[in-house]
Amino acid sequence: MSNRERTFLLMILPALILFIAFNTIPLITGAIYSFTNYRGYGDYDFVGFRNYIDLFGDERVRNSYWFTFKYAVVGTILINFLSLLIALGLNSRIRCKSLLRGVYFVPNILGGLIIGYIFSFFFTYIVPAIGKAAHIGFLENSILASEKYAWIGVLIVGVWQAVAMNTIIYISGLQTVPTDIYEAGMIDGVTGWQKFWKLTFPMLLPFISINLILSTKNMLMVFDQIMSLTKGGPAQSTESISYLIYNNGMAGGQFGFQSANAVIFFIVIVIFAVVQMKLTGRKEEQL
């Protein structure tokens, strides 16, 4: 082995060991426990595919999947729309662009739990106080206390935090668009909306693909916002899959059952990512 190869190996080995220790081994262990009736403590027996069969008949699991999919679809659309809009504004000729980019990135620096607790105080005390002072009926009560609308409060927090990273990626994409394309478009009479749709959008498609995959994955795995804002309530109306797996698996004595849920959830996320990559990749080839 040459010195160059030895150096590469020494650089890769620590990361590989950490990845195997904290990702691969827990994944395999969880998959094994999914075929057992393990409660998180004590002895356990192998039960085959019973946990997987029971998952499809569990109403609480079905509700958590419905909430998570609804949250992820709406959140992904809002995140990419808002972040692209902000990126277009920050990439234009305006003053203090660097300062504004830093300000918009602040939500991504803060932890999800911290942001959740801040917004929990805001939704519980500030907004109702404003609603009562302004005599606006639907604002007088906390949105987090509504079984019907609590998910919107969680969605607002999730989107507000996620827009930051997507905006930076879109700005990076906009800066890679050659100015020659716009000059050629101006000669052909392309202006306004056509300039964006026919020139900017096709060049941004690889970055849109990345953002769609990242935002969908992050929204599907929502946990911090649920933990700090609603803890799955009211009446389990905002219970995401990740929160259900954590809550019932670690503290509810359903470690084996929720391990099976985690395996299914992992497969679902992989399917979402693969489908998105196929669709966006096909669109890139067409353009």
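Before you start, know that the model is predicted: local features need pLDDT of at least 70, side-chain atom pairs count only at pLDDT 80 or more, and totals for chains, interfaces and linings use all residues. Residues are numbered from 1 along each chain as its sequence is written, and side-chain values use heavy atoms, with hydrogens and water left out.

**Stop 1: the largest pocket**

Select L88, L174, Y182, F196 and T200, which are the closest to the centre of the largest pocket among its 22 lining residues. A pocket here is an open set of points on a 1 Å grid over the protein atoms alone, where a 1.4 Å probe fits, with protein on both sides within 12 Å along at least five of seven lines; lining residues have an atom within 4 Å of a point. This one has a volume of about 790 Å³, volume being the space filled by probe spheres set on the points, which are joined across faces, edges and corners.

Now colour α3 (59-90), α6 (150-174), α7 (179-187) and α8 (192-220), each of which supplies at least two lining residues. Helices are DSSP runs (H or I, at least four residues), numbered from the N terminus. The biggest contribution, eight residues, is from α8. By class, the lining has 13 nonpolar, seven polar and two charged residues; Ala, Val, Leu, Ile, Met, Phe, Trp, Tyr, Cys and Pro count as nonpolar, Asp, Glu, Lys and Arg as charged, and the others, Gly among them, as polar.

**Stop 2: along α8**

Stay with α8 and centre on L205, where the helix bends by about 55°, with the proline P206 following within four residues. That bend is the angle between axes fitted to the seven residues ending there and the seven starting there.

Next, pick I208, also in α8. I208 counts as buried because its relative accessibility is 11%, buried meaning under 20% relative accessible area (1.4 Å probe, protein chains only). Beyond its neighbours within four places in sequence, I208 is in contact with Y170 and F201 (contact means heavy atoms within 4.5 Å).

**Stop 3**

Finally, move to the second largest pocket, with a volume of about 680 Å³. Select L27, I245, Q258, A262 and V263, the closest to its centre of 20 lining residues. Two or more lining residues come from each of α1 (3-33), α10 (241-251) and α11 (255-286). The largest share is from α11, with eight residues. This lining has 14 nonpolar, six polar and no charged residues.

Conventions:
Buried means under 20% relative accessible area, exposed over 50%, partly exposed in between (1.4 Å probe, protein chains only).
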